[in-house]
Amino acid sequence: MTPADRVVLVLGEEELLASRAVADAVAAARAADPSVEVRELAANALGAGELSELLSPSLFGGARVVVVRGGQDARKDLTTAMLAYAGNPDPEVTLVVTHAGGAKGKAFADGLKKAGAAVVAAAKISRHRDKIEFVKGEIRRFGGRCADDAAESLLAAVGNDLRELSGACSQLVADTDGRIDADTVARYYRGRAEVSGFTVADAVMVGDTAGALAALRWALQLGVPVVPIADALADGVRTVSRVASAGRGNAYQLASKLGMPPWKVERGQRQARGWPPEGLVAAMRAAAECNAAVKGGSEDSGYALERAVTAMTAARAGAVDGAQRVAGGRR
C-alpha cells in the first residue's frame, strides 16, 4: 500500500474541480467498499487529536474517507499529524486534503507531495484557451465531441462559470447525438448565442460603433452576463494585437506559432486591417478598465461596457486621445 493509494491532495481553488476531485475519491472508495464511512471537516476547526482518532484503525473494522477542507488554514500541530500519517497511511482509511494552492500553507502541500500523496489539480481556469479546452473536455466527459468554434459559441452563450458550462455541456450531449457544433449551440441558446459578447467584440474590432452598441444593448436586454461581454472585448483586441504583431503569413502556419486555431487567426487578420499600433494600445487600456469596472469597480456595468465600446472603436479610427478621454470618463 502506497501513500498515493490512500492520501489525496486536491490542489487549487477552482470550486467545481475541487469538489469533483473529492467526489471522485469518495466514489473510488465506495466502489471498493459500499459501506465506507465519509467524514468531512474544516482544517481551521480540526484538532490534531480529533484527526488522529478519525485516522486510527477502527475496532470494528470498515473503510473510511476523511476529507479535510482548507488545508492551507491548518495549524502546525494538525499539519504535523497529517504529514506523519501520509508517510504511513492505514490501508482502510483514505485521507483527502483540499488546499487552495497559494503561498499560505505551501510547505504543508509540498510535504504531502514529498510523502507521495496523489495530487489532483484544481487551479482556477483563467486563460481563454484553457476555458475552450475545459468545454471540449466536458463534452468528452459526457460522451460527445465538439470543435473549437462550438466551444467558443457555448462560452459566449453561457459565460465563464464552470458549473453552468458543465451543466450546459451535459444537457447538449443528452439532447443530441453528442456531435456538437456551433449550429447546435445556436439552436439551444438562440438569442444568447446569436447576440453574445463575441458578437459585440466582432463589431468593435471592425470599427462598427453603431452595430456594436446595438448588439450590446440587445445582449444586455436578453440577459447575457456582463463579465463574458467584457472578456470578449478583451479577447478581441488581444487576438488582433497578437496576429498583427506576428506579421503577414499563412493562417495555418501562424496558428501553431500563436497557439490559436487557424480560423481565429484568419478572423484576426481580417480585423487587424485599419488598426494603428497606438490604437491597439488605447483599446487594450479601455478593455482593461472595462473588465475592472464590470468585476466590481462600477455601479453601472452596462454604462461601463458602452463606454468601452465607444473608446475602442474611436481608437481604431485613430482618435487615440479621444478614446482615452472616453475610457477615462466616470459616471
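# A tour by selection

Start with Glu-14 and Lys-124, which form a salt bridge (a side-chain nitrogen of Lys or Arg within 4 Å of a carboxyl oxygen of Asp or Glu). Their closest N and O atoms are 3.9 Å apart. The pair links distant parts of the chain, 110 residues apart. Glu-14 sits in the loop between β1 (7-11) and α2. Lys-124 sits in the loop between β5 (118-121) and α6 (128-141). Glu-14 counts as buried at 10% relative accessibility. Buried means under 20% relative accessible area, exposed over 50%, and partly exposed in between (1.4 Å probe, protein chains only).

The model is predicted: local features need pLDDT of at least 70, side-chain atom pairs count only at pLDDT 80 or more, and totals for chains, interfaces and linings use all residues. Residues are numbered from 1 along each chain as its sequence is written, and side-chain values use heavy atoms, with hydrogens and water left out.

**Whole chain**

Zoom out. The protein has 17 helices and 7 strands. Helices (H or I, at least four residues) and strands (E, at least two) are DSSP runs, numbered from the N terminus. The C-alpha atoms fill a box of roughly 75 × 45 × 40 Å along the principal axes. Of the 331 residues, 48% are buried. Now turn to contacts (heavy atoms within 4.5 Å). Among those between residues at least 6 apart in sequence, 73% join residues at least 24 apart.

**Helix α2**

Select residues 15-32. This is helix α2, with 18 residues. Color the buried residues of α2: Leu-16, Leu-17, Ala-18, Arg-20, Ala-21, Val-22, Ala-25, Val-26 and Ala-29.

The axes of α2 and α8 are 8 Å apart, at an angle of about 65 degrees. Axes here are lines fitted to C-alpha atoms, for helices over the stretch in contact, and angles run from 0 to 180 degrees between N-to-C directions. On the α2 side, show Glu-15, Leu-16, Ser-19 and Arg-20. On the α8 side, show Leu-162, Arg-163 and Ser-166. The residues of this contact divide into 2 nonpolar, 2 polar and 3 charged. Ala, Val, Leu, Ile, Met, Phe, Trp, Tyr, Cys and Pro count as nonpolar; Asp, Glu, Lys and Arg as charged; the others, Gly among them, as polar.

Next, pick Asp-33, in the loop between α2 and β2 (37-42). Asp-33 is partly exposed, with a relative accessible area of 21%. The side chains of Asp-33 and Ser-35 are joined by a polar contact of 2.7 Å. A polar contact is a pair of N or O atoms within 3.5 Å; within protein, one must be able to donate a hydrogen and the other to accept it, and residues adjacent in sequence count only if both atoms are side-chain atoms.

**Helix α6**

Move to α6. Its 14 residues reach 20 Å from first C-alpha to last, close to the 20 Å expected at 1.5 Å a residue. Buried here are His-128, Lys-131, Ile-132, Phe-134, Val-135, Lys-136, Glu-138 and Ile-139. Lys-136 is also part of a salt-bridge network with Arg-129, Glu-133 and Asp-148. Just after α6, check Gly-143: its phi is positive, about 100 degrees.

Which residue does Asp-110 pair with in a salt bridge? The partner is Lys-113, with the closest N and O atoms 4.0 Å apart. Both lie in helix α5 (residues 106-114), 3 residues apart, about one turn of the helix. Asp-110 is partly exposed at 30%, and Lys-113 is partly exposed at 38%.

Now select Arg-267 and Asp-202, whose side chains meet in a salt bridge at 3.8 Å, N to O. Arg-267 lies in helix α14 (residues 262-272) and Asp-202 in helix α10 (residues 197-205), so the pair ties together parts 65 residues apart in sequence. Is each residue buried or partly exposed? Arg-267 is buried at 18%, while Asp-202 is partly exposed at 27%.

**Last stop**

Finish at Ser-301, in helix α16 (residues 301-316). Ser-301 is buried, with a relative accessible area of 17%. Leaving out residues up to four places away in sequence, Ser-301 touches Val-226 and Val-294.

Conventions: The expected span of a helix is 1.5 Å times one less than its number of residues.
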